[in-house]
Amino acid sequence: MASTDSKNFAYDEMMVHVPICSHKEINKILVVGEVSEDFKMELAKHECKDITYTDELNLEGQFDIILYNKDIPTELEMANVERCIEPKKGIFVTKASRLSKDLEISKKEIETVGKNFWICMPYSFGHNTLIFASKKYHPQAEIVLQVSDLLEGCNYYNTELQNSSFIHPTYITKAITGIAKR
């Protein structure tokens with residue numbers, strides 16, 4: 001079982017498992033930004049062996065999943081995401097501002113990330129918000145249960161939590177309607 005001593009165990013699990021448990025054909029994962037050994041241990045719970053770690057989005061190649069473990073990307077960085085992500089089925093996840101803290105900033109972040117994605121939805125847990133953007137897979141409708149239900153060693157993530165983390169209070173849902181793509 002993963003250690004709950006790490007103050008980021010919920011963040012690590014939700015950033016890693018939500019996109020991986022939503023994608024049906026993972027070959028390559030790109031992790032951008034500094035990550036802990038605990039984060040890497042969460043990735044190791046999955047079968048994908050082709051994982052690339054980098055500090056910047058300056059690589060060639062196409063990745064099925066990009067985990068952007070840095071502050072919200074700029075328009076220029078999102079252009080690099082578009083260049084690096086698998087064009088028909090890629091998933092991109094990034095940190096975001098807390099929805100409940102500053103809704104106007106959150107709306108701009110969702111717009112920036114979602115420009116080139118069919119689905120773009122914020123998800124919240126604890127005091128964290130991440131943005132899930134996908135070319136194909138929906139994080140609630142297409143959970144790969146053979147993966148999510150069989151994950152072992154998680155202290156925070158589970159299938160039901162994945163579904164519920166995309167549900168927000170009414171005032172937030174109304175504010176992001178038309179911006180978030182569901």
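**Close-up views of a predicted model**

**View 1. Contacts of Arg182.** Arg182 touches Met121, His138, Thr173 and Ile176, leaving aside residues up to four places away in sequence. The structure shown here and in the other views is a predicted model. Arg182 sits in the segment after α7 (170–176). Ala96 is 86 residues from Arg182 along the chain. The C-alpha atoms of Arg182 and Ala96 are separated by 17 Å.

**View 2. The open sheet.** Six strands make up an open sheet with mixed pairing. Their order is β2-β1-β3-β4-β6-β5. The edge strands are β2 (50–54) and β5, and each of them pairs on one side only. On average, neighbouring strands of this sheet are turned by 15° against each other, direction ignored.

**View 3. The β4–β6 pair.** β4 and β6 pair in the antiparallel sense. Six bridges join β4 to β6. Ile91 stands opposite Ser134, a residue of β6.

**View 4. Helix α1 on the strands.** α1 lies across β1, β3, β4, β5 and β6. Relative to β5, α1 runs at about 150°.

**View 5. Two nonpolar cores.** The largest nonpolar core holds 29 residues. Ile29, Phe39, Leu43, Leu67, Val93, Tyr123 and Phe132 have the most contacts inside this core. Two or more core residues come from each of α1 (9–20), β1 (28–32), α2 (37–44), β3 (65–68), β4 (91–96), β5 (119–125) and β6 (128–134). α1 gives the largest share, seven residues. In soluble globular proteins, nonpolar side chains tend to be buried together.

**View 6. Lys135, a buried lysine.** Lys135 lies in the loop between β6 and α5 (145–148). Is Lys135 buried or exposed? Its relative accessible area is 14%, so Lys135 is buried, the cut-off being under 20%. The side chain of Lys135 makes a polar contact with the side chain of Glu82, at 2.9 Å. A polar atom of the Lys135 side chain also lies 2.6 Å from the backbone oxygen of Asn116. Residues up to four places away in sequence aside, Lys135 touches Glu82, Ile85, Glu86, Pro87, Lys88, Lys89, Gly90, Asn116, Phe117 and Trp118.

Definitions and conventions:
Residues numbered from 1 in each chain as written. Predicted model: local features only at pLDDT ≥ 70, side-chain atom pairs only at ≥ 80, totals over all residues. Heavy atoms only, no water. Helix = DSSP H or I, 4+ residues; strand = E, 2+ residues; numbered from the N terminus. Contact = heavy atoms within 4.5 Å. Core = buried A, V, L, I, M, F, W, Y, C linked by side-chain atoms within 4.5 Å. Buried < 20%, exposed > 50% of the residue type's maximum accessible area, 1.4 Å probe, protein only. Polar contact = N/O pair within 3.5 Å; in protein donor to acceptor, adjacent residues only side chain to side chain. Pairing = 2+ DSSP bridges. Axes fitted to C-alpha atoms, helices over the stretch in contact; angles between N-to-C directions.
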